[in-house]
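Biologist: Please put the model up and walk me through it. Start with how you describe helices and strands.

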Protein chains: 6
Amino acid sequence: MRILVINPNTSVEMTGAIDTISKKYARADTQIETVCSQEGPRSIESAYERDLVAQGVLGRVIEGNKRKFDAIVIACYGDPYLYSAREISEVPVLGIAESSMHVACLLGYKFSIVTIREQSRPRLEELVKRIGLESKCSSIRTTSMSPLDLQKDPAVTLKVLTEAARAAIKEDGAEVICLGCAGMAGFDKQMEEALQVPVLDGIICAVKLAEALFDYKLKQSKVKAFRKPEPKEFLGMARFRIVD
Amino acid sequence: MRILVINPNTSVEMTGAIDTISKKYARADTQIETVCSQEGPRSIESAYERDLVAQGVLGRVIEGNKRKFDAIVIACYGDPYLYSAREISEVPVLGIAESSMHVACLLGYKFSIVTIREQSRPRLEELVKRIGLESKCSSIRTTSMSPLDLQKDPAVTLKVLTEAARAAIKEDGAEVICLGCAGMAGFDKQMEEALQVPVLDGIICAVKLAEALFDYKLKQSKVKAFRKPEPKEFLGMARFRIVD
Amino acid sequence: MRILVINPNTSVEMTGAIDTISKKYARADTQIETVCSQEGPRSIESAYERDLVAQGVLGRVIEGNKRKFDAIVIACYGDPYLYSAREISEVPVLGIAESSMHVACLLGYKFSIVTIREQSRPRLEELVKRIGLESKCSSIRTTSMSPLDLQKDPAVTLKVLTEAARAAIKEDGAEVICLGCAGMAGFDKQMEEALQVPVLDGIICAVKLAEALFDYKLKQSKVKAFRKPEPKEFLGMARFRIVD
Amino acid sequence: MRILVINPNTSVEMTGAIDTISKKYARADTQIETVCSQEGPRSIESAYERDLVAQGVLGRVIEGNKRKFDAIVIACYGDPYLYSAREISEVPVLGIAESSMHVACLLGYKFSIVTIREQSRPRLEELVKRIGLESKCSSIRTTSMSPLDLQKDPAVTLKVLTEAARAAIKEDGAEVICLGCAGMAGFDKQMEEALQVPVLDGIICAVKLAEALFDYKLKQSKVKAFRKPEPKEFLGMARFRIVD
Amino acid sequence: MRILVINPNTSVEMTGAIDTISKKYARADTQIETVCSQEGPRSIESAYERDLVAQGVLGRVIEGNKRKFDAIVIACYGDPYLYSAREISEVPVLGIAESSMHVACLLGYKFSIVTIREQSRPRLEELVKRIGLESKCSSIRTTSMSPLDLQKDPAVTLKVLTEAARAAIKEDGAEVICLGCAGMAGFDKQMEEALQVPVLDGIICAVKLAEALFDYKLKQSKVKAFRKPEPKEFLGMARFRIVD
Amino acid sequence: MRILVINPNTSVEMTGAIDTISKKYARADTQIETVCSQEGPRSIESAYERDLVAQGVLGRVIEGNKRKFDAIVIACYGDPYLYSAREISEVPVLGIAESSMHVACLLGYKFSIVTIREQSRPRLEELVKRIGLESKCSSIRTTSMSPLDLQKDPAVTLKVLTEAARAAIKEDGAEVICLGCAGMAGFDKQMEEALQVPVLDGIICAVKLAEALFDYKLKQSKVKAFRKPEPKEFLGMARFRIVD
């Protein structure tokens, strides 16, 4: 099968790291291509930056459908534009946050999310609520890291994330850790070794779930929430117009 | 005070109707200017259409701040881009959905939302949850109307909305009705007369709350959720870059 | 418009402070009169003291309707007798707790309440739940203050309240502070200055919301929860009897 | 042991019916005395009527403590003044609504409340939430009956209540029925026979729980919610003043 | 009346302690017999150990019905097999956890559970949720004790439990303490004395509630959740087959 | 990889159907073996029947670990013994209910469960709550079918299940259907064709998720809820004793 992974920001480095991790546990017959937004911020740490890349992400989704990918993964731990992407996509679109949280529920009684700086908490809290798993989420642990710092000094990042995860396990009752930023690619198994609990990279989770859906020949429901928008008059924005 | 009302879609007719209603109960010393997105769909009935106008709305918010308005109202009953708008705004930004729901809570024990077609239910349900008032919302009643139809034959619209509201009152226990689309401007008082319960237009509610905040010299909190994004490297999108 | 503010306790000092604060941000054409209960405890710090003033408050509500006020505010941060007052009132009755909490939701993602001594927590917790905003309330912070102490040494009060608010912001994630006692009148703007987040006095919030409802010609719904009681045989209590 | 049952309204007939039912399943060594408010409405069907009897009920609670009863039952299915009564009482005070709901949970997976007219729904809904058992309450079924009608034509009442209960069982999934008004005394076992599910009279439940608490030598906690109010200056209301 | 108390584990010592405590506050005309499982673990500290005793417990329930007991109590603070026991029992079956929690709600605004080691928390959390009282449970406090240690050195146990309870009162807002293990029999009144809040032994609570149900002639509802299983072909397990 | 599928009941026919369906979408290199309980009821339709097979299921789990399977699936839509199985298993144990519900959340905004007779509702409701997805579950639709009838006349079963699913979609807002009984194996794709929404067989979902976990080298967390029980004295039950 062929999966398109979309990095919503414009960081080439992060796109590369996402590409590498998304292939790491993919099956031999799964082909993955990773792209990013063509304009916009280098990283996403605010609602503002997230909202600016809507067209960037949705343009890639349209393209992914035209190029007949079998599934699309949006690789940002805020699951941005998931609903709108599903509306216009013929093939399943998966978010990395929802993917990691659903997998976490299979592995432990409660999971915690270890993420970037404190200002992202409200958005993550609302996301957990929207996904519906607030009763399974033991805590959101923020750190001092911003997305673009994560891959700068891997030893420091590993230490910071492991410490936050350890606190979540000890103080909050976490039994599984979800890495709460696409930029945390590559730290999962080292942390798992140190912490002795499952540590989940959402990108890998989304790829594995995309494969599972593909095998079972499943597509997303289009009867209500993800129903295709009707053709409609647009002012400009030619490439985004829906046609029958 | 000066309020900027932003209609996220590109319908000139709807922008006119919003402008009229927003001024109807405004105080004598309140000046209101209504603008719409400069490109995008003529109406918003899907997550996709909503997400496409992010830049349209946020561009208007930036402009509103430059032009020193005292408050900004986003006139779409999905409260799109409220959080991102608040991040970049020096002055209060209000959504019409949240405004109508908070006012509704002052007027009755439970409120229902009467809105457009059934596919909007999931988004509205999530919005009510995000606002935190799910225990006060007796129901969301969808109808056969799409936004651009609402002002076509006012007598028909009035009948359809009044019937849906009556069902909400009788069967769901609604004591207050919120009109769940910016395009429903102008039907509130006629429905109120017919139904004998308060009927709320969210645009008016937002304008009145903006005046109240202004008088009490209140601004939105900027310490966490609505904290100003940091300056950051962008690819393109010059007009959206944050500078110190 | 004319607003009647009712202080449920019998403290003349507190009634004066409430009167002053209620007028501070009122519009030029708003007339406010503040009254208190004619018998009962000097302050309300228990369910018992609250329940004893039912007749005191309801008597004032009857009087306020007879004297044709346009709105009534019950100035005690437990919103006592709100539902019963609404049942017998032709004009809107607002509580200061609900008013401050709804306004707080417009200004931040989460609010905390800074209040008097620990024994009031259960009542406040139940109130937040009844209002329906438990998911938006980051914490209730109690202090060492009792209502009658609050105005004794303003410098001490300011320090105690500011410290509790600061802890709520730092440890609980509060973005807005609600002052949880009518006796805290006058500390809002000084605290706001010190804390750099909005600080809300419920009395002012209620007055501003009363003005907004008046302008938009809104009354409370009378179809179910606040329906007028039917005339009924009473033993004694002549002045409280409902007549057609 | 000695139990004081307080009927908050002033209906002598209802007080008699309550007295009879409260003794029906009491143990041989349990003595029960039933009293009512000395002034106020003949029945309670609104928040207003409920709030007017605060002094009536609390005066009886003070008296019950002076006369050294071992427990007090407030016989109105709104559990009015329960918290304030507990604050000033040395002995357990039980509500009939909470008593019936807790017993119902021992007998079935879900219970429904069959009660008087529709306007009482908001108060009952809030009560169930306050008690914390909303997830166990399958429905509140209102009827055409008002409290003073219940004992007028017992055959009619039995029919109306049984039909409402049957609907709750069939349509809402109720497995146990709680009779939602003190005036429904005496219908429980006939309904149980007809419906083949447990039917609970709250007065009897409260009496039986009072006996259980007495045997196990339990009193209510006085450390926070039900802490004794401090002595305080009162204007008038001599008989309600707290002294050390 | 006659009550059968079933200790699900195989500890003879614990069975003795349970028998003693269950009789301590029983009425003079209540006869109690305590039995334990005939095979299985000596104590229950895991889901695994609990699940292994299903046949042990259900066999005793069948026996209890044959021997015409009037009520059955399952004396393990996980309320194991409560639903299945009720399905096959003609007489009420009570769990000690649910019994203590419902009684706790009559005595305070919030209760905490003081229990054995940390690994039991997930099971207890789910139990509280299933009972429906999560909003009334201030905390679950685990300790260093395992069930078989509890009666070894009563002075140590008393100290450990009292300290955990004191922390629950001070830090979590508990007003009532539930002893969260059948092996804690006998510590309730000493702790109550030390802590000055009600301390509940679930076994005693269950016995007292069984007496209350008996007096009021109540049985468990058999219309849905606890409906009797239909006769069905079994492979082996002769003594567990349902016959008409 | 090698997966052991455990059918908790003793029906040889159902075991065969489960074996067939579990292999249908498995990957070429996945080997599946399906076993059932060695004694107990032929089907599970009550808590009683479920609880009787605890030893049957747990014995199979022990065996599966000894025989070095890579994952274990418990094929009953009540997810019985999932927690205890995880405690004693070195390899992941998956339930078919949780598996189908988590997959459903990836495919639609809300899912409904179509299941057997009405008496199973309480158990399913509690299961959905335990899994934490009650806000995503639009309804549980029961039918007239019992497990052993399901494969008798496939045309009838297909009709009954499709009708129930259609009602869930139309009236309850379901966008995805979960088949709520292991005995419904084989109806998924026919229903999907008829209904035009995803229809999920939990056995297949569990197999696909087991493969995904295996690829990503994930095991269940053993730090708290699923911690291995300590060695302990047993009375009898030799084969179930835990040894170091």
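Modeller: Helices (H or I, at least four residues) and strands (E, at least two) are DSSP runs, numbered from the N terminus. This is a predicted model, so local features need pLDDT of at least 70 and side-chain atom pairs pLDDT 80 or more, while totals for chains, interfaces and linings use all residues. Residues count from 1 along each chain as written, chains are lettered from A and ligands numbered from 1 in written order, and side-chain values use heavy atoms, without hydrogens and water.

Biologist: OK, chain F. What is the strand order in its open sheet?

Modeller: The order is β2-β1-β4-β5, four strands in all, with parallel pairing. Two strands pair if DSSP finds at least two bridges between them. At the edges sit β2 (31-36) and β5 (93-95) of chain F, each pairing on one side only. On average, neighbouring strands of this sheet are turned by 25° against each other, direction ignored.

Biologist: What holds strands together in general?

Modeller: Backbone hydrogen bonds do, in a parallel or an antiparallel arrangement.

Biologist: How many bridges link β4 and β5 of chain F?

Modeller: Three, in the parallel sense, with β4(F) covering residues 71-74. Opposite Val73(F) stands Leu94(F), which belongs to β5(F).

Biologist: And the helices? What does α1 of chain F touch on the sheet?

Modeller: Helix α1(F), residues 12-24, packs on the sheet and touches β1 (2-7) and β2 of chain F. A contact here means heavy atoms within 4.5 Å. The direction of α1(F) makes about 160° with that of β2(F). Such angles run from 0 to 180 degrees between N-to-C directions, with axes fitted to C-alpha atoms, for helices over the stretch in contact.

Biologist: Which strands does α5(F) lie across?

Modeller: It lies across β4 and β5 of chain F. Against β5(F), α5(F) runs at about 70°.

Biologist: New topic: partners. How many residues meet between F and A?

Modeller: Chain F gives 50 residues and chain A gives 50 residues. Together the two chains bury about 3800 Å², 65% of it on carbon and sulfur atoms. Buried area is the accessible area (1.4 Å probe) lost when two parts are put together, summed over both.

Biologist: How many salt bridges cross between F and A?

Modeller: Two, by the rule: a side-chain nitrogen of Lys or Arg within 4 Å of a carboxyl oxygen of Asp or Glu. One joins Lys208(F) to Asp215(A), at 2.6 Å from N to O.

Biologist: How many polar contacts are there between F and A?

Modeller: There are 19 residue pairs in polar contact, both residues at pLDDT 80 or more. A polar contact is a pair of N or O atoms within 3.5 Å; within protein, one must be able to donate a hydrogen and the other to accept it, and residues adjacent in sequence count only if both atoms are side-chain atoms.

Biologist: Which element gives the largest share of chain F's side facing A?

Modeller: That is α9(F), with eight residues. By type, the residues on that side of chain F divide into 26 nonpolar, eight polar and 16 charged. Nonpolar covers Ala, Val, Leu, Ile, Met, Phe, Trp, Tyr, Cys and Pro; charged covers Asp, Glu, Lys and Arg; the others, Gly among them, are polar.

Biologist: Now F and B. How many residues there?

Modeller: Four from chain F and four from chain B. The pair buries about 320 Å², 43% of it on carbon and sulfur atoms. On the chain F side, Tyr109(F), Lys110(F) and Ser135(F) lose the most area, together 89% of what that side buries.

Biologist: Which residues make the salt bridge there?

Modeller: Lys110(F) and Glu125(B), with the closest N and O atoms 2.8 Å apart.

Biologist: Which chain has no contact with F?

Modeller: Chain C is one of them; the closest C-alpha atoms of C and F lie 15 Å apart. Chains B and E do not touch either, with nearest C-alpha atoms 15 Å apart.

Biologist: How many salt bridges over all chains?

Modeller: The whole structure has 144. Among them, Lys208(C) bridges to Asp215(B), with N and O 2.6 Å apart. That pair crosses between chains, from α9(C) to α9(B), each helix spanning residues 202-215.

Biologist: Last one, chain D. Which strands does α9(D) lie across?

Modeller: β1, β2, β4 and β5 of chain D, and α9(D) runs at about 150° to β5(D). In that chain, four bridges join the parallel strands β1(D) and β4(D). Ile6(D) has Ile74(D) in β4(D) as its bridge partner.
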